[in-house]
Amino acid sequence: FLVYHSGYEVPGSESAGEGAYAAGAQQQGTDRLVQSLRDAGIPRGGNVYAELGSTWYILIKRPEEAAHVLGKLLLAVGEDNILWGTDSVWYGSAQPLIDAFRAFHIPEEYQERYGYPALTESIKNKILGLNAARVYGVDAQQALARSCSDDLAWIRQAVLEFDQFAS
């Protein structure tokens, strides 16, 4: 099951937004997803996948809330069951969102206090595409190899060369 937007709800005026999960509290947003997984006995790595969609677009402006949402998802569904999504048809180019996700980290304080795992490069790579490749039956290594010789390969190479000189 793919849960679009990871069950996230944009906070209303009466809500402060996502925080740490609290069992037994009034559940909304991602907490509602976490609670439903617990109630159904679905373990981390089960058959439920959390997709980020518009969620990351909204959370990019709310870093503390982003740390809680990603941390809760990593604990509830696991690093192999979070899928990247951008809804870029609504928001424009996904590249700034990808760049922000690549730079984002869950603060060590949150890791210690709430038990959230670190958001490593390996986990980010899974979320940004490797997990979806597995879910949709795409051989990621084969796709990468094909991209090295497709019609846009020369553009990618030019960008890499430009970045080397610009640094």
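These legends describe close-up views of a predicted model.

**View 1. Leu 33 in helix H1.** Leu 33 lies in H1, the helix of residues 29–40. Its relative accessibility is 9%, so Leu 33 counts as buried, the cut-off being under 20%. Leaving aside residues up to four places away in sequence, Leu 33 is in contact with Val 3, Ser 6, Ala 50 and Leu 73.

**View 2. Helix H1 and its buried residues.** From first to last C-alpha, the twelve residues of H1 reach 17 Å, close to the 16 Å expected at 1.5 Å a residue. Buried positions in H1 are Gly 29, Thr 30, Asp 31, Leu 33, Val 34, Gln 35 and Leu 37. In an α-helix, residues three or four places apart point the same way, because there are 3.6 residues a turn. The packing partners of the buried H1 residues are strand S1 (2–3), strand S2 (49–51) and helix H3 (63–76). After H1 comes Gly 41, which has a positive phi near 70 degrees.

**View 3. The three-stranded sheet.** The sheet is open, with parallel pairing and the strand order S1-S2-S3. S1 and S3 (82–83) are the edge strands; each has a single partner strand, so one side of each lacks a neighbour in the sheet.

**View 4. The pairing of S2 with S3.** S2 and S3 run parallel and are joined by two bridges. Opposite Glu 51 stands Leu 83, a residue of S3.

Definitions and conventions: Residues numbered from 1 in each chain as written. Predicted model: local features only at pLDDT ≥ 70, side-chain atom pairs only at ≥ 80, totals over all residues. Heavy atoms only, no water. Helix = DSSP H or I, 4+ residues; strand = E, 2+ residues; numbered from the N terminus. Buried < 20%, exposed > 50% of the residue type's maximum accessible area, 1.4 Å probe, protein only. Contact = heavy atoms within 4.5 Å. Expected span 1.5 Å × (residues − 1). Pairing = 2+ DSSP bridges.
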